[in-house]
Amino acid sequence: MNIILEARQLCRNFGGLKAVHNVSFNVAEGEIFGLIGPNGAGKTTLFNLMTGLTPVSGGTLSFRGKTLTGLPPFRIAEKGIGRTFQNIRLFKGLTALDNIRVARHIRTSAGLLSSVLCTRASRNEEQQVEEKAWEILKLVGLAERGMELAANFSYGEQRRLEIGRALALDPEVLLLDEPAAGMNSAEKHSLTDFIREVRDRFNLTVLLIEHHVPLVMNLCDRIAVLNFGELIAMGAPAEVQKNPAVIEAYLGAE
Amino acid sequence: MDEFFQNNGFLIVVMVQQTLLAMSLYYPLMAGQLSLASPGFYALGGYVAAIIGTVEYFSPWRDALGWGVFPLEWLIAGVMSALLAVIVGIPALRLKGIYLALATIAFVEIVRVTCLNLDITGGAIGIFGVPQLFESRWAYIWIFGPLLAVMLYFSYRLERSRVGRAFKAIREDELAADAMGINTTRYKVLSFVIGAVLAGIVGAMSAPFLNTWNARQGTFDASIAYLAYVLIGGGRSIWGPLLGGALLSALPEVLRPLKDSRLIINGLVLVFASIYLPQGLAGALGRLKLVFRRGSRPSGGGA
């Protein structure tokens, strides 16, 4: 198995708080890797470190052997890491279609002049972007509502649109921050199938933060457990479930 | 008809000119950046035209090019505005919201005070006798009009382009735009430069139109006036500054028979528009259109 992502001794301090402390792990290509832990364990901070939104205090992160730490977020996105957000950060005033089209930015090149002069190259590119965007909308099941503003969508639809937006980057690694939050049980169930489907179809590696235990156990190949910023367990779902340190973190010591 | 243009031609040209300046605020706003720097670039462009038009050093240019010196002035004004906008924009656009607005007002003041104290800009007196492009004031519509048409087409294309979408993504959520691969600094600066170039060119066209140029041309008052155009017209589409600029620049003239009380009405319009038209006139008209469309359809029909 090829290692696609490698975190070495990642640290992030907020003042005196060690939000992430000496976290090291490898993610293999094609894996669905779960990240769980109690509230405030540092899961989202870890995602923010990986996408450059929060600078690291120490340690390194590499993607296919190339270091990511220190790069601005847009460079990391260019390299092929797409993400969604825990509190959904769609471009709410834009249509669903435009939300997806924005994410094609890094895969296109039209500049100001060629767009305004409406050159043949820019028209072709624009047409390809539109086709690709509709294709993705279809994939996330929102094709009929492509021209509606993202703000008008239900919570579950917004989550799906956000995954679609991340997929439009053509990423190799997809980071999903609580994709099932706010979904009902039927939606959660179909989400599991959906994540597997996109993983296979686009040859993705998926990292996901999730609180819904059955979903994580069912979906993930491996799970890492964070508590107070430190990695306390890592392994296959069944192993992690039995790990005494994990049980203590969630339920307290006897 | 001829008489109408003789009497109102000046006002119509001013309306178009002010509309263009309102539009220069719109481009940064499209990327979510509230910049009030336009009067600074407007002043710069005007000085470029006034200096090339009057200073002895440039007289060979004027003799050689004839009327062709005017387009050259616009070009130089545009290029200089772009350069200055890059230099000012990179540090200033690190600020957000009202802080950026304040920094850009400071920029306008710096330009004004600098021009007030330099010899080449004529100090407090300014520059007189800027050569005219046309004999009548009304004829200036033949340069401001086409510029407006070009800018409308430019905006239309921009809204539907990769660059325009990057601007709007930054306006909607800068952090998410960054995570989606958009170099936010670069596009914020680009939006600022577009506005600056437009304001600079309008300045260069205005110096011959007004015949004189001085430090009163780009002031804090102008910043606020342009902001009012965009606030009242609406900042979400290019029709906002178009409507706001045209209506508000005409208002004081239309109300002139009321003498001093016209300023009261002017102020009331500003206050009520900002209370009752939060999306501006363009936003209100857009909603009206939506209501009519919905009304003509059987109920429950989505967009």
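How many helices and how many strands are there in chain B?

Reply: This is a predicted model, in which local features need pLDDT of at least 70 and side-chain atom pairs count only at pLDDT 80 or more, while totals for chains, interfaces and linings use all residues. Residues are numbered from 1 along each chain as its sequence is written, and chains are lettered from A and ligands numbered from 1 in the order in which they are written.

Chain B has 13 helices and zero strands. Both kinds of element are DSSP runs, numbered from the N terminus: helices are runs of H or I with at least four residues, and strands are runs of E with at least two. Along the sequence, the pattern of chain B is therefore α-α-α-α-α-α-α-α-α-α-α-α-α.

Of the 303 residues in chain B, 47% are buried. A residue is buried if 20 or more other C-beta atoms lie within 10 Å of its own, exposed if 12 or fewer do, and partly exposed in between, with C-beta atoms placed from the backbone. Among the contacts in chain B with a separation of 6 or more, 81% join residues 24 or more positions apart. Two residues are in contact if their C-beta atoms, again placed from the backbone, lie within 7 Å.

The close look concerns a pair of helices. Helix α2 (residues 38-54) of chain B packs with helix α5 (residues 97-117) of chain B at an angle of about 30°, and their axes are 8 Å apart. Axes are lines fitted to C-alpha atoms, for helices over the stretch in contact, and angles run from 0 to 180 degrees between N-to-C directions. α2(B) and α5(B) are therefore roughly parallel to each other; angles under 35 degrees receive this name, those over 145 are roughly antiparallel, those from 65 to 115 roughly perpendicular, and the rest oblique.

Where the helices meet, α2(B) contributes B:Pro39, B:Gly40, B:Ala43, B:Leu44 and B:Tyr47, while α5(B) contributes B:Phe107, B:Val108, B:Val111, B:Arg112 and B:Cys115.

B:Tyr47 counts as buried because 28 C-beta neighbours lie inside 10 Å. Leaving aside residues up to four places away in sequence, B:Tyr47 touches B:Cys115, B:Thr121 and B:Trp213. B:Gly200 is 153 residues from B:Tyr47 in sequence, yet their C-alpha atoms are 9.6 Å apart in space.

The buried residues of α11(B) are B:Gly240, B:Pro241, B:Leu242, B:Leu243, B:Gly244, B:Gly245, B:Ala246, B:Leu248 and B:Ser249.
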